[in-house]
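Please read the points below with the model open beside you.

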Amino acid sequence: MSEAQRRPTLLLVDDEEHILSALRRVLRGEPYELLTANGGNEALAVLAANDVDLVVSDARMPGLDGPALLAEVQRRWPATLRLMLSGATDLDTSIRAINQGQIYRYLGKPWNDDELRFTLRQALAHQHAEREHQRLERLTLEQNHRLQELNASLEQRVRDRTAELQQTADMLDLAYDELRRSYVTATEVFSSLLTQRLPGDKQGNAQVIALVRAFAGEHQLAETESRDLAMAAALYNLGKLTWDDHLLNRPSDLLHREERERYCRYPLLGESLLMALEPLHDAGRLIRHHQERWNGTGFPDQLHGEAIPFGARLLKLAVDFVELQCGQVLQRPLPRQEALQFLARYAGRLYDPELCKQFIDLCTRCAPDLLETDSSILAVDTRRLEPGMVLARNLQADSGMLLLNAGKQLSRTLIDKLIAFEASEGARYTLHVRQPEADASPAKEQLR
């Protein structure tokens, strides 16, 4: 029998048989299983042998009295609710019951039948709500465990499909060392694993991350807000993790009704998968709302205007801009300029009009590469790298796997490993780097 179908079990404790009889008579028509005990020690024996949801105990009993009994119940069966009946006003007894037994309610004798029945219903409803809360917490932990298993499965699939993972073990060790220090880096690594299920021309997470970071930097957003945005940009499509490949590759504009319903649930699923990770709660909230629309026709909550979190409004602009170009929204992939025109056309309907204007201005001024507008950033190949240079953006393998994260300072050992990695892959990589402040200018002139 399920928890929802099981009749609540009540234990009635009193040393006077006529009191127990009166209680049974009052509760005869209620949907409860009733157990009785004539004293505190007998009540403990009944509790040890049965699953009891609620105990109603008299305060004054020979031997183990009510407060002592309820204190023991609280210690051994804390989930069991505790009520106490007393026929006399006794402040000390009340204080003991409240402090030691942590009782739910204190009722006097003689009781009002309707009040007693209402109090029991209210207490059991409270208990049911608390149990449901605990069940949902366990479900969230279970979903997180399944996510971790699925992550391991994805890593294995990538490992099976690409022999390069064996050849890049040293690079991965360096990346995992960074993972332990930064949740932001961790989410970007996981994002690169997620994108392995997509064709190369549809892997847009890196561009979404770069866009929100560029906007955050230009508009000097707070560090916490910028970090949450970067993590949300890395994991915004986490809720699509369990989709079939054909659904992942279909533009959202062409989804059938059932597919559309599933699509509309992915922001909620993405948020729920992050609930067990407290540092990702704010990023999860942005993921939940990044498909809301300025006019209130979005999903999942149909938020309107500024009720949509600012970060979610910005994330929607970045996601739509990239996915329009990747062919994940409309059947025909849009060129960059047409994608910007699409955003402008729907400002005030899909997008925050003022934020949309700022976003388009950023993309227009920084086209085609956000980093090329920063004169302090140099684009160099591995053989022109020097120890002390600092990566200005993430370095990814041709497959999309993150090798080094932005902010990493290069050493001679690391440069040699990069060169060896290139040779083993038959690839050539260009790194975007900054020189250390002390010697940035001479080195930049030399590299030119």
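This is a predicted model: local features need pLDDT of at least 70, side-chain atom pairs count only at pLDDT 80 or more; totals for chains, interfaces and linings use all residues.

1. The UniProt record, an unreviewed entry, lists Asp 58 under "modified residue: 4-aspartylphosphate". The annotation comes from that record, and such annotations may be inferred rather than shown by experiment.

2. Where does Asp 58 lie? Asp 58 is part of strand S3. The residue counts as buried because its relative accessibility is 5%, and the cut-off for buried is under 20%.

3. Which residues surround Asp 58, once neighbours within four places in sequence are left aside? Its contacts are Val 13, Asp 14, Asp 15, Gly 66, Met 84, Leu 85, Ser 86 and Lys 109. Two of these names return in a network of salt bridges, which links Asp 14, Asp 58 and Lys 109. Side chains of opposite charge can pair when their charged atoms come close.

4. Strand S3 belongs to an open sheet of five strands, in the order S2-S1-S3-S4-S5, and the pairing is parallel. At the edges are strand S2 (33-37) and strand S5 (105-108), each of which pairs on one side only. Averaged over the sheet, neighbouring strands are turned by 20 degrees against each other, with direction ignored. Strands of a sheet pair through backbone hydrogen bonds, either parallel or antiparallel.

5. For a closer look at one pairing, take strand S1 (residues 9-13), which runs parallel to S2 and is joined to S2 by five bridges. Val 13 has Ala 37 as its bridge partner in S2. Val 13 is also among the contacts of Asp 58.

6. Helix H3 (residues 66-76) lies across S1, strand S3 (54-58) and strand S4 (81-86). Relative to S4, helix H3 runs at about 180 degrees. Glu 72 is partly exposed, as its relative accessible area is 21%, whereas Arg 75 counts as exposed at 58% relative accessibility.

7. The whole structure holds 23 salt bridges. One of them joins Arg 131 to Asp 53, where the closest N and O atoms are 2.8 Å apart.

8. Glu 338 has a relative accessible area of 32% and is partly exposed. Arg 332 is also partly exposed, at 48% relative accessibility.

9. How many disulfides does the structure hold? The count is zero. A disulfide is a covalent bond between the sulfur atoms of two cysteines. Cys 264 counts as partly exposed because its relative accessibility is 23%. Cys 363, by contrast, counts as buried because its relative accessibility is 0%.

Key:
Residues are numbered from 1 along each chain as its sequence is written. Side-chain values use heavy atoms; hydrogens and water are left out. Two strands pair if DSSP finds at least two bridges between them. Helices (H or I, at least four residues) and strands (E, at least two) are DSSP runs, numbered from the N terminus. Axes are lines fitted to C-alpha atoms, for helices over the stretch in contact, and angles run from 0 to 180 degrees between N-to-C directions. Contact means heavy atoms within 4.5 Å. A disulfide is a pair of cysteine sulfur atoms within 2.5 Å. Buried means under 20% relative accessible area, exposed over 50%, partly exposed in between (1.4 Å probe, protein chains only). A salt bridge is a side-chain nitrogen of Lys or Arg within 4 Å of a carboxyl oxygen of Asp or Glu.
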